[in-house]
Amino acid sequence: MSLPSASREPAGEPDDYLERRKLRRGSAGWLLLTGLGVAYVVSGDYSGWNFGLAEGGFGGLAVAMVLMGAMYTCMVFALAELSSILPTAGGGYGFARRALGPWGGFLTGTAILIEYVLAPAAISIFIGDYVESLGLFGLESGWPVYLACFVIFIGIHLWGVGEALRFSFVVTGIAVAALVVFVLAALPEFDASSLDDIPVDSSAVGASSWLPMGLLGIWAAFPFGMWFFLGVEGVPLAAEETREPARTLPRAIRWSMGILVVLALMTFFTAAGARGSSAIQDAGNPLVEALQPDGEATAWSRIVNYAGLAGLVASFFSLIYAGSRQLFALSRAGYLPRFLSLTSSRRAPYLGLVVPGAIGFALAASTGNGARMLNIAVFGATISYALMSLSHIVLRRREPELPRPYRTPGGVLTSSVALVLACAALVATFLVDVTAAFIALAVYIVALAYFGLYSRKHLVAKAPEEEFAALAAAEAELARD
């Protein structure tokens, strides 16, 4: 029996192909991975989400946050099951490859790459803005700051995954502690009447003080509700560097999501109630703005301001990690040029770190438009969410006997909720920034052309994700016989 043409390994592949593409095993336990999951997201608590107030008002963003929180919760439970089945660096690509075939795997992996290459580029710009606003070393936001971010933090990743995750854990801890400080400092100023102080658009359907932009404002706020959770799905990308991944990954994913839900609720309600939704809806630093009712810096606002920089660094650092692992897996399997998956003597995918970093730096330095890049990242993220949720449904239906060390509570119903909400969020990106959506589509089309015309005919059958899919095909053929 021969493998399908899309999965056949070309003749003459070196015997040490996988040996030269090996990550460091057993470098992370569940605690470090939980920290990684929170690190992906924590910068979203400090900025970005508040722009959803301008789209939907407090009520619209509140409903959007609840719905997007439900989407992420359902999705991470599905991912916990999928990662226990296939604990490899491919993450979402590997899950979709088994369920939806090579095209589905590539579509999912490309969407994840769009998210994890564009998001660090955007965050580097935000870091530059923080550095300038804080007056650190007299630096201004610009390409030297962006370059320093990529060089320093990629350098730490090249040092080794264990060191990188420990660094991320410490910085994330600082950022989370400062969020608690913010809540304690802002609570005495909390006034429930300030929550819905945005002027009402009387022409909007269903408009009220709670929904000043009407019912459509809820939908338009979806992408900003996502910012409280965007990136947590990257935890499974650490699978090959994890101790006992079938047990560790589900535990870390669940804990990460639980912590993020608590942080989102604390941050959102406290910030809007302390200063008023209208005052913070356009602020680049809403938590600091909430602590400065007269525009004068206080001791508390300075603490939160510096911690906001720590939160941005934590997310920037961890997203670089996630992007490098997704690129590594796609390259190792032949979907992308194979040289990108080579690893160093310290088992770090050095080109998988440097190449996306160079692209991210170039985008940041040439555009300076962090909001646009984040919107492109959100577009890619929503596509991957829909495909990963669909993968869970397909595998449950088609391969019910597949060993599952962890099973999603609610089964297919849970992942179906995630699928429907992900599709709704995808459409909502066109309501917020149609240009960003079409830019992401253009990148997708170019990537699909490369896959369709070249790489699908040159896949590496012995890559872990491809072997897993080939095994499924062989079992199905035997069953038919």
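Q: In which helix does Pro-464 lie?
A: This is a predicted model, in which local features need pLDDT of at least 70, side-chain atom pairs count only at pLDDT 80 or more, and totals for chains, interfaces and linings use all residues. Residues are numbered from 1 along each chain as its sequence is written, and side-chain values use heavy atoms, with hydrogens and water left out. Helices (H or I, at least four residues) are DSSP runs numbered from the N terminus. Pro-464 lies in helix α17, which covers residues 464-480.

Q: Is Pro-464 buried, partly exposed or exposed?
A: Buried means under 20% relative accessible area, exposed over 50%, and partly exposed in between, with a 1.4 Å probe and protein chains only. With a relative accessible area of 25%, Pro-464 is partly exposed.

Q: Which residues is Pro-464 in contact with, leaving aside its neighbours within four places in sequence?
A: Contact means heavy atoms within 4.5 Å. On that basis, and leaving aside neighbours within four places in sequence, Pro-464 is in contact with Thr-88, Glu-240 and Arg-332. The C-alpha atoms of Pro-464 and Pro-87 are separated by 9.5 Å, although the two are 377 residues apart along the chain.

Q: Where is Ser-315, and what does Ser-315 touch?
A: Ser-315 lies in helix α12 (residues 299-332). Its relative accessibility is 0%, so Ser-315 counts as buried. Not counting residues up to four places away in sequence, Ser-315 touches Ala-39, Tyr-40, Val-41, Val-42, Ser-43 and Ile-123.

Q: How is a nonpolar core read, and which residues touch the most other members of the largest one?
A: A nonpolar core is a set of buried Ala, Val, Leu, Ile, Met, Phe, Trp, Tyr and Cys residues joined through side-chain atoms within 4.5 Å. The largest one has 136 residues, and Tyr-46, Tyr-72 and Tyr-385 touch the most other members. Helix α4 (residues 92-134) gives the most to this core, with 17 residues.

Q: What does Tyr-72 touch?
A: Not counting residues up to four places away in sequence, Tyr-72 touches Met-226, Phe-229, Leu-230, Val-232, Glu-233, Met-257 and Tyr-385. There is also a second, separate core of 14 residues, which includes Leu-330, Ala-333, Leu-336 and Ala-463.

Q: How should I read the packing of two helices, and at what angle do α1 and α9 pack?
A: Two packed helices are described by the angle between their axes and the distance between the axes. Axes are lines fitted to C-alpha atoms, for helices over the stretch in contact, and angles run from 0 to 180 degrees between N-to-C directions. Helix α1 (residues 30-41) and helix α9 (residues 245-275) pack at about 40°, with their axes 8 Å apart.

Q: What is that arrangement of α1 and α9 called?
A: Angles under 35 degrees count as roughly parallel, over 145 as roughly antiparallel, 65 to 115 as roughly perpendicular and the rest as oblique. α1 and α9 are therefore oblique to each other. A crossing is left-handed if the near helix is turned anticlockwise from the far one by less than a right angle, and right-handed if clockwise. α1 passes α9 in a right-handed crossing.

Q: Which residues meet between α1 and α9?
A: On the α1 side they include Trp-30, Leu-33 and Gly-37, and on the α9 side Arg-251, Trp-255 and Leu-263 are among them. For classes, Ala, Val, Leu, Ile, Met, Phe, Trp, Tyr, Cys and Pro count as nonpolar, Asp, Glu, Lys and Arg as charged, and the others, Gly among them, as polar. The contact of α1 with α9 divides into 10 nonpolar, 4 polar and 1 charged.

Q: At what angle do α5 and α13 cross?
A: The axes of helix α5 (residues 143-159) and helix α13 (residues 350-367) cross at roughly 170° and come within 10 Å. That makes α5 roughly antiparallel to α13. Their crossing is right-handed. The contact includes Trp-143 and Phe-150 of α5, and Tyr-350 and Gly-357 of α13. By class, this contact has 12 nonpolar, 3 polar and no charged residues.

Q: Where is Asp-433 found?
A: Asp-433 is found in the loop between α15 and α16. Asp-433 is buried, with a relative accessible area of 10%. Not counting residues up to four places away in sequence, Asp-433 touches Arg-372 and Asn-375.
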